[in-house]
Amino acid sequence: MPAQDHPMEGPTTCSVVILGLGMVALSFIEKMLEYDTAKKYTITAICEEPLVAYHRVGLTQYFAHRSVDQMLMKPKQWYHDNNINILMHQTATLIRTDTKTIESVATPDILSSSTTASTTITPYDICILATGSNALLPPTTTTPGLGLPGIFVYRTIDDLDQIIAMAKTSKQAAVIGGGLLGLEAAKATSDLGLTTTIYDRNPQVLSRQLDTEGATMVLHEIEKLGIKHRLGNPPVAFMSKDEDAETAAAAVTEGGKSSGEFFKVAKVKLQDGSIVEHDMVVYAIGISARDQVARGSGIECHVRGGVLVNDSMETNIPDIYAIGEVACHRNSTFGLVAPGYDMAEVVARNLTRDVNSKGLGKLHQPRKFVGADMSTKLKLLGVHVASFGDYFGDDLVNNNSQALLYRDPFGAVYKKYIFSKDGKHLLGGMMVGDTTDYGKLLAMSKSKKSLQIPPSELILGLQPGQGGQGATDLPDDTQICSCNNITKGQIRNAVRTKNCGSIGEVKNCTKAGLGCGGCVPQVGEIFEAELKAMGKVIKQNLCSHFEYSRTDLYQIVKVKHLKTFVQVIEHAGKNSRALGCEVCKPAVASILASLFNDHVLDHAPLQDTNDRFLANIQRGGTYSVVPRIPGGEITPDKLIAIAQVAKEFGLYTKITGGQRIDLFGAKREDLPVIWERLVNAGLESGHAYGKALRTVKSCVGSTWCRYGLQDSVGFAIFIENRYKGIRAPHKLKGGVSGCVRECAEARGKDFGIIATEKGYNLFVCGNGGAQPKHAVLLVSDASEANCINYLDRFLMYYIATADKLTRTSKWLEKLEGGIEYLKKVVVGDYLGICNELEKQMAYLIATYQCEWKVVVENPVRREQFRQFVNTDDTQEGIEFISERGQRRPADWPKDIVQLPPSPVSPKMDPFDSVAPASPVLKKWIRVGAVDDFGIDSGRTIKYGDVQIAVFHLSNGSWYATQNMCPHKRAMVLSMGLIGDSVVDESKGESKSQPYVSCPMHKKNFGFEDGKCLTPGDEDKYRIETFEVRVDNDGHVLLLLPPSKGLDEKLATDKVMIHTSGSMNKLDKREWTTTIELAQPNASSCATSCGGGGQRELEW
């Protein structure tokens, strides 16, 4: 099969016809659109399914949202906009290679075996076979009962719809297959409420990704979810309710179907002869290439399936290529999407191999497909699993490589990395439970470069002062984003040729980081290195509103004595009239607090919801309350007070890892009352909600312990009370241990003090969490007074110089000179600033106030905690259940949590029970006075059973939206930060876009049209918006339909998360009314504000 060349000369166009429209076919189309800048090719796709390409890799997410539109990788309009011709729901039946035409028939006609089906003839110049694969099933001739209703495969959306329908009348599911897809199917049937058992002929799950030990750990985690398994004992026959094994075995008729095929499956016979009850069966045992059209057209195929191709993806027939799962390259087919993307890249590059091709500049050498990287990173049944490189270590058998193992049965973590015999090269590995380093390790294994660190550091983490290998050390062909098959070279090229000025632009341009997100740190590292190589100054700008880093801005605010956000953006912002955003507002608030120590609610519009309401937001929009317990010491009376509050308000109670008590489930409107009870008992805010000092953990020290050298409890209490309330770039945690036995785990804290016989050793810049770091020694054998002195300086220097949201450990890593330089500054006063640092710390300590107490004693501030502006009614935002004697919120569905999209058109509204011919008149409803709504923030009003968020912007405009964020169906949008996008005139933007940022997961929604503005989520979510006006008497009014109709769409009880037993409320909802909406005359408005745009409600 000699390589074919297609130099595109002259004006003649060339037709490319693709058989199939799956993920790989779409990838090929996208690459052709990018590379074919001369527009020489026209593209036609013959799509067998009734849907355009959808996300088959994320098929299980469909069970959560049931929205076909969300599964589509591109909306159908995209194909039209890019002049892609699609023959929808057509199945190709024959390729006539002599006339270069393709015959296809309507898919429904094939399924019904119609004898009158008409044939469509499509001519081609280039034919691309991308027909994918079928779900594999055992032979029907040897598997009695395989044709019974209730037996499914797990392959298409149509398969999933059938499974969902059958689940309503089923109780026990058998999932056959313990591989990646089998575990996904088990998760799906379990989430549908079925008792699920996994079967596989192999004695372990994930036999192609993990060794026995790793698979066993995964299995233990699966068992915790209530999913059963019988491995090494697969089903061999299926029976209906009235059949027995002998009857079924004897009833194999033509086609292999049991005589009971018209009855639902009810029993399964296993290989060991036992019979178990299952009324649903899902097969997920593998795939087989869909090469029937190729075989019937004279194209060579492998005996075991798959169209034979060379390294250029060419078949034995000129101008016919095969890509994706149907292609058999070097006697192998591939069931992962990444190799298919590689194949699509090869063909698209070679078809556009001319001087006009984008970014090439000259005729390039033909691209070759040389094999596939089978590395994978997934989350299966809540368990993170990854394998990369030579993860089974083929050379281990030959003693040419060495394995390094890490087992943590308590944390359910297993890592096995394969190294060359000399330990200088990482060859591959597997990971269970913790896949944080997957992207970095995959790149290192691909680079073939010698390691500059000991192999153990890849598991244990870098030791203080050691440098590691980063993404900048890797070759350009290293894959950085495995989800979308993006290499380092593509990212570098995007920065250089497409003028990407931010990581967000790189992500949108290359798609790197838009999958699981695990590669984003590497993308950022490459982005910054490329800018530096181009001679551009790398600015750690706070956000798009400021051309200064947090460190720079701290000094500007300090020197100019700026005390409000308005002053800061006027003096230092790009646009003095900008609203700011969810990044810069909290950062400026933190700077103001670190310098002037005003009460945080003096700057409430700048605060994230945790600081705005002085408590931690939790699932469902409730809050947790954590009173301060300095050093972990508490009296019985204070314990009783906490218990009484928890009991009175029905709060879930838990001891934290920092020796405190956390009270969960507090309603926002109850917070001031709860605090009042606690303050009256002598307790105060624990600042668990702020980027501030959280705790100073202690052991009992010399007070009780026979090994104790110093009074660690007393010292911890003193330190915690000294630094409480002080705001920093990130949270701070401390610890004091009474001896070297280190029971307070002080070296896992931002600052840790360990007693010695001569005093204390002071350690700094450690942390626990996902990537723990040991703190490093700053000074040894110091007295208590000296420890405090050095701590004052260290903390203030960190506060003044660290970037936003940077822990002390990361700050030290980036600090030039590291710990030795820090010692010079803090201990040796190298910069001559220690006196100033001490004075600033003394000021913060002297101006401390309990933030809870200030609210409790101020009626105006207490008013801001009401749930609704216009009523004293209250509503739950999520259903609560009882577990182990306590209340907790119902579980979120495990994947994307969204409601079905409404089929209502922009001009139609299901807002009444009147006849469709009668227009429904929206009315202006008074919801409060202007003074009820703070400036630059939101408040909630209740209308019927619907929560509506009303926003008053600092520029005088008003907006209103649904209060429910569609991402997790939480009633929280009114508590979100208000921001605006920065106008980029070079991109044709004429005005900024005001938006609200959800406080739960920072999804941003535009006020004008309700669209989601978060990259990667634009087509997933949208919120309903409403018009707002203010009349001459200062009343705020919303333009709303009758409450009964709006309740049908947005009633809190209907849209909030319920327990699994009551989720059917949403499934049974019917959308049938279509009523034309008549708009009132807007001339009566004194002030018309915001809220315009499309009114279609999209979840």
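Predicted model: local features only at pLDDT ≥ 70, side-chain atom pairs only at ≥ 80, totals over all residues.
Reader: What is a cavity, and what is a pocket?

Author: On a 1 Å grid over the protein atoms alone, a cavity is a set of points where a 1.4 Å probe fits but cannot get out; a pocket is an open set with protein on both sides within 12 Å along at least five of seven lines. Lining residues have an atom within 4 Å of a point. Points are joined across faces, edges and corners, and a volume is the space filled by probe spheres set on them. Here, the largest cavity has a volume of about 210 Å³. Its lining has 17 residues, and Gly 621, Glu 669, Gln 867, Gln 875 and Met 971 lie nearest the centre.

Reader: How does the lining of the largest cavity divide by class?

Author: Ala, Val, Leu, Ile, Met, Phe, Trp, Tyr, Cys and Pro count as nonpolar, Asp, Glu, Lys and Arg as charged, and the others, Gly among them, as polar. For the largest cavity that gives three nonpolar, ten polar and four charged residues.

Reader: Which residues line the second largest cavity?

Author: Among them are Asn 597, His 687, Gly 725 and Tyr 848. This cavity has a volume of about 80 Å³, and its lining comprises three nonpolar, six polar and three charged residues.

Reader: Is Tyr 848 buried, partly exposed or exposed?

Author: Buried means under 20% relative accessible area, exposed over 50%, and partly exposed in between (1.4 Å probe, protein chains only). Tyr 848 is partly exposed because its relative accessibility is 22%.

Reader: Where does Tyr 848 lie, and what does Tyr 848 touch?

Author: Helices (H or I, at least four residues) and strands (E, at least two) are DSSP runs, numbered from the N terminus. Tyr 848 sits in the loop between α28 (834-846) and α29 (851-856). Contact means heavy atoms within 4.5 Å. Leaving aside residues up to four places away in sequence, Tyr 848 touches Asn 597, Glu 684, His 687, Lys 724 and Gly 725.

Reader: Which residues lie nearest the centre of the second largest pocket?

Author: They are Gly 657, Gly 658, Arg 694, Lys 731 and Lys 733, from a lining of 22 residues. The space in this pocket is about 440 Å³, and β32 gives the most to the lining, with three residues.

Note on methods. Residues numbered from 1 in each chain as written. Heavy atoms only, no water.
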